[in-house]
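This report concerns the structure shown below. Please keep the sequence and the model in view while reading.

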Amino acid sequence: MSADPALWAAGIGIMLAVPLTFMVANWVRKNVDHGEARFGPDGKMIDDEEK
């Protein structure tokens, strides 16, 4: 008894989707500016970039 080709395709798709989702999420976390900002007591933004 063999599985339907659509069932094989769905299984392979699920097996690939899980690690690919984590890879894309990790890339976004490292490479996309999320707009996070810190502000000092004077209300001005603190710039942490190396110059």
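## Overall form

The structure is a predicted model. Its chain has one helix and two strands, and along the sequence these elements follow the pattern α-β-β.

The C-alpha trace spans about 70 × 20 × 10 Å along its principal axes. The radius of gyration of the chain is 22 Å, whereas a compact globule of 51 residues would have a value near 10 Å. Buried residues account for 2% of the 51 residues.

## Helix α1

Helix α1 covers residues 5-31. The helix has 27 residues and reaches 38 Å from its first C-alpha to its last, close to the 39 Å expected at 1.5 Å a residue.

The C-alpha atom of Pro 5 is separated by 27 Å from that of Phe 22, which lies 17 residues away along the chain. Pro 5 has a relative accessible area of 61%; this residue is therefore classed as exposed, the cut-off being over 50%.

## Surface

The accessible surface of the chain comes to about 5200 Å², and carbon and sulfur atoms contribute 65% of that area.

Which residues make the nonpolar surface patch? Trp 8, Ile 12, Leu 16, Leu 20 and Met 23 form this patch, which has an area of about 560 Å². One of these residues, Trp 8, is found in helix α1. Is Trp 8 buried or exposed? Trp 8 is exposed because its relative accessible area, 54%, lies over the 50% cut-off.

## Summary

Conventions:
Residues numbered from 1 in each chain as written. Predicted model: local features only at pLDDT ≥ 70, side-chain atom pairs only at ≥ 80, totals over all residues. Heavy atoms only, no water. Patch = residues over 30% accessible without salt bridge, like charges linked within 9 Å, V, L, I, M, F, W, Y side chains within 5 Å. Areas by Shrake-Rupley, 256 points an atom, 1.4 Å probe, with all protein chains shown as cover. Salt bridge = Lys/Arg side-chain N within 4 Å of Asp/Glu carboxyl O. Helix = DSSP H or I, 4+ residues; strand = E, 2+ residues; numbered from the N terminus. Buried < 20%, exposed > 50% of the residue type's maximum accessible area, 1.4 Å probe, protein only. Expected span 1.5 Å × (residues − 1). Rg over C-alpha atoms; globule rule 2.2 N^0.38 Å.
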